[in-house]
Amino acid sequence: MDAPSVSQQRVTELLARWSQGDDAALAELTPLVYQELRRIAHHHMGGQRPDHTLQTNLRWQNRAHFFAVAAQAMRRILVSYARAQRSEKRGGGALKIELDEAALVSPEESKEILELHEALERLSTLDSRKAQVVELKYFGGLTYDEIAEVLKVSHVTVRRDWEFAKVWLYTELHSAG
């Protein structure tokens with residue numbers, strides 16, 4: 001295993017300072033860990049299809065494109081976290097990794113996130129664009145105009161897709177329980 005080029009102690013120190021609200025620590029930390037994070041991402045993405053949305057050498061088209069990818073990543077992170085929490089609850093023996101003393105998502109929210117994810121997967125089989133609209137709006141916080149730009153459709157189409165998807169998901173989520 002290659003020795004890290006940056007002192008692990010220095011990174012830990014900067015993380016602690018950043019956690020305490022020192023924004024200058026983040027500015028110093030980012031360039032120290034960027035290449036290592038890219039290396040890790042490249043390793044994990046090696047087996048994925050070439051056109052996968054998350055890429056290690058991605059060329060950003062614009063701000064909306066960046067936030068679209070961030071929304072997808074946020075969804076994956078939340079779903080993975082929720083699955084891990086449910087596995088732990090069932091005694092799955094999964095390795096528990098603490099990101100913070102306070103949980104990112106409560107057990108109730110974990111259940112809701114998984115149910116939403118599963119419903120979005122079903123919606124995606126019926127109409128993938130509507131599922132993308134939900135992902136971009138709900139997980140990414142994009143506006144109608146930003147979503148329209150990412151999906152290369154009109155603002156009106158995005159609004160219609162959002163309205164349809166909200167009703168469809170509400171029905172789907174409330175009829176299952």
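This note goes through some side-chain features of a predicted model, one point at a time.

1. Salt bridges, overall. The whole structure was searched for salt bridges, and eight were found.

2. Arg10 and Glu13. These two residues form a salt bridge, and their closest N and O atoms are 2.2 Å apart. Both belong to helix α1, where they are three residues apart, about one turn of the helix. Arg10 has a relative accessible area of 26%, so it is classed as partly exposed. Glu13 is partly exposed as well, with a value of 37%.

3. Glu163 and Lys166. Here the closest N and O atoms of the salt bridge are 3.5 Å apart. Because the two residues are three places apart in helix α7, about one helical turn separates them. Glu163 is partly exposed at 36% relative accessible area, and Lys166 is partly exposed at 38%.

4. Arg129 and Asp161. A salt bridge joins Asp161 to Arg129, with 2.5 Å between the closest N and O atoms. This pair links distant parts of the chain, 32 residues apart: Arg129 is in helix α5 (residues 128-139) and Asp161 is in helix α7 (residues 155-176). How accessible is Asp161, buried or exposed? Its relative accessible area is 4%, and buried means under 20%, so Asp161 is buried. Arg129, at 29%, is partly exposed.

5. A network. Asp161 and Arg129 also belong to a network of salt bridges, in which they are linked with Asp127 and Lys130.

6. The nonpolar patch. Which residues make the nonpolar surface patch of about 240 Å²? They are Leu15, Trp18 and Leu26. Leu15 is part of helix α1, which covers residues 8-19. The relative accessibility of Leu15 is 37%, so this residue counts as partly exposed.

7. His117. This residue is located in helix α4 (residues 107-126). With a relative accessibility of 12%, His117 counts as buried; the limit for that class is under 20%. What does His117 touch, leaving aside neighbours within four places in sequence? The contacts are Arg75, Val79 and Arg83.

8. The aromatic pair. One aromatic pair turns up in a search of the whole structure. The pair consists of Tyr138 and Phe139, whose ring centres are 4.9 Å apart. Why is this pair called edge-to-face? The ring planes stand at 85°, and planes over 60 degrees apart count as edge-to-face. In general, two values describe such a pair: the distance of the centres and the angle of the planes. Tyr138 is exposed, at 52% relative accessibility, whereas Phe139 is buried, with a relative accessible area of 10%.

9. Lys137 and two rings. Lys137 lies over the face of Tyr144, 4.7 Å from the ring centre. The charged end of Lys137 also sits over the ring of Trp162, at 5.5 Å from the centre of that ring.

Definitions and conventions
Residues numbered from 1 in each chain as written. Predicted model: local features only at pLDDT ≥ 70, side-chain atom pairs only at ≥ 80, totals over all residues. Heavy atoms only, no water. Patch = residues over 30% accessible without salt bridge, like charges linked within 9 Å, V, L, I, M, F, W, Y side chains within 5 Å. Areas by Shrake-Rupley, 256 points an atom, 1.4 Å probe, with all protein chains shown as cover. Salt bridge = Lys/Arg side-chain N within 4 Å of Asp/Glu carboxyl O. Helix = DSSP H or I, 4+ residues; strand = E, 2+ residues; numbered from the N terminus. Buried < 20%, exposed > 50% of the residue type's maximum accessible area, 1.4 Å probe, protein only. Contact = heavy atoms within 4.5 Å. Phe/Tyr/Trp six-rings, centres within 6.5 Å; stacked < 30°, edge-to-face > 60°. Lys NZ or Arg CZ within 6 Å of the ring centre and 35° of its normal.
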